[in-house]
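I set out here what I looked up in this structure, entry by entry. The sequence and the coordinates come before the notes.

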Amino acid sequence: MSQTKTVVAINGDGIGREIVTAARRVVDAAVTKDNIKIEWIEKKAGGEAIDAYGEPLPADTIKACETADAVLLGAVGGPQWDDVAPSIRPEKAILGLRKALGLFCNLRPVRIFKALQDYSPLKPELVQNVDFVIVRELTGGIYFGEREEAEGEGPNELAWDKETYHRYEVERIMDVAIETAAKRRGKITSVDKANVLASSRLWRKIAQEKAAANLDIDMDYLYVDNTAMQLVVNPGQFDVIVTTNLFGDILSDEGAVVSGSLGLLPSASIGTGTALYEPIHGSAPDIAGRGIANPLGTILSAAMMCRYSLNAPKAADAIEAAVEKALEGGYRTGDIYKDGMQRVDTNGMTAAVLQYI
Ligand code: IPM
Ligand code: MN
């Protein structure tokens, strides 16, 4: 008898439906290896939910996520919703889900796929050994602090956002970073702006306490500006980067582009409730609905889901190996196409992966 796991599938906007559909096919095929069956529950969030219900994150979606084994999300947002009120922007769906599910930690692994080594904008010798994880704090800091939208007039018109961190928020993200590093090369770079920000000084103090209590971990402390530079000068030096919500948002886009394959990078958001998996790229409204999007970031996010939330390690390994083989086989969607390769659309890439599962 196979075991059934429930996964909430949120397509979201733009290319979301195409890439989530692709990932679902791959997951369904792979989890049989672990004797698991998936019950998919489709729910709306983001622009799609604004159009359907007038709000980006319906209570019904949150409720389904709370009781599921995992959530798989495509992407949200698009120009259609650029002018909606700040309180119902599509992005609120992601932020609201992170908060509602207690997802205080975002794991973003950045690595170079052998077949795509020459895709990085950096010199090949700089990126050969790139393999790091960004551990981004996800439910605190300036993203969730108090704020005031612009008020007043003339030169005194004023808007503000507040950055705060409690000790418990820093401690728990450090613990995840330490656990992650222990399974890797044992090195952590804690990133802050402690030369200027009080919240960063607390961050660094706690990082130092954690380092003192975990002597098997080698902890470094870098300012965020220096980190941004080091990521392009010598990205191979990093193993685990742990940082705040805002700094992590910025550095993870930079990390992604260093790898040369933004469309391939997965992410997992974990914490106290149901974990959520999504590619790190956006909804790509310019190519939405044409069936040409690169589904690999979502497929690799689904592999992380199999490993961390569905107790399906064989499926996770099989999906990651199949993606590697599809790339080595020369299959390329438009975003990573080069002369001499086999150009495929979303379905073609999905089929290429499926044949190796
Ligand atoms: C990300 C995204 C989100 C963020 C947006 C869509 C709210 O950029 O997951 O990195 O800023 O966290
Ligand atoms: Mn981002």
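Where is the place of Asp82? I worked on a predicted model, and I found Asp82 in the loop between strand 3 (70–75) and helix 4 (91–100).

I traced an open sheet of ten strands with mixed pairing, in the order 2-1-3-12-11-4-5-10-8-9. Strand 2 (36–42) and strand 9 (218–223) each have a single partner strand, so at these edges one side of each has no neighbour in the sheet. On average, neighbouring strands of this sheet are turned by 25° against each other, direction ignored.

I next followed single pairings. Strand 4 (residues 105–111) is antiparallel to strand 11 (residues 266–270), with three bridges, and Leu107 is placed opposite Ala268 in strand 11. Strand 10 pairs in the parallel sense with strand 5 over four bridges, and it pairs with strand 8 in the parallel sense over four bridges as well. At Thr243 of strand 10 I noted Arg136 standing opposite, and likewise Val191.

Which way do the residues of strand 10 point? Val240 and Val242 point one way, Ile241 and Thr243 the other, and all are buried. In a regular strand, side chains alternate between the two faces of the sheet.

**Entry on the helices**

Helix 4 lies across strand 1 (3–12), strand 3, strand 4, strand 5 (131–137) and strand 12 (276–279), and I recorded about 150° between helix 4 and strand 12. Helix 8 (residues 224–233) lies across strand 5, strand 8 (187–192), strand 9 and strand 10 (240–243), running at about 105° to strand 9.

**Entry on the ligand**

Which residues surround ligand 1? I listed Glu91, Arg98, Arg108, Arg136, Tyr143 and Asp249. I then looked up polar atom distances to oxygen atoms of ligand 1. For Arg98, a polar side-chain atom lies 2.7 Å from an oxygen atom of the ligand. For Tyr143, the distance from a side-chain N or O atom is 2.6 Å, and for Asp249 it is 2.9 Å. On its own, ligand 1 has 320 Å² of accessible area, of which the protein covers 75%.

How values were computed
Residues are numbered from 1 along each chain as its sequence is written. Chains are lettered from A and ligands numbered from 1 in the order in which they are written. This is a predicted model: local features need pLDDT of at least 70, side-chain atom pairs count only at pLDDT 80 or more; totals for chains, interfaces and linings use all residues. Side-chain values use heavy atoms; hydrogens and water are left out. Helices (H or I, at least four residues) and strands (E, at least two) are DSSP runs, numbered from the N terminus. Two strands pair if DSSP finds at least two bridges between them. Axes are lines fitted to C-alpha atoms, for helices over the stretch in contact, and angles run from 0 to 180 degrees between N-to-C directions. Contact means heavy atoms within 4.5 Å. A residue is near a molecule or strand if one of its heavy atoms lies within 4 Å of it. A polar contact is a pair of N or O atoms within 3.5 Å; within protein, one must be able to donate a hydrogen and the other to accept it, and residues adjacent in sequence count only if both atoms are side-chain atoms. Accessible areas come from the Shrake-Rupley method with a 1.4 Å probe; for residues, only the protein chains shown count as cover. Buried means under 20% relative accessible area, exposed over 50%, partly exposed in between (1.4 Å probe, protein chains only).
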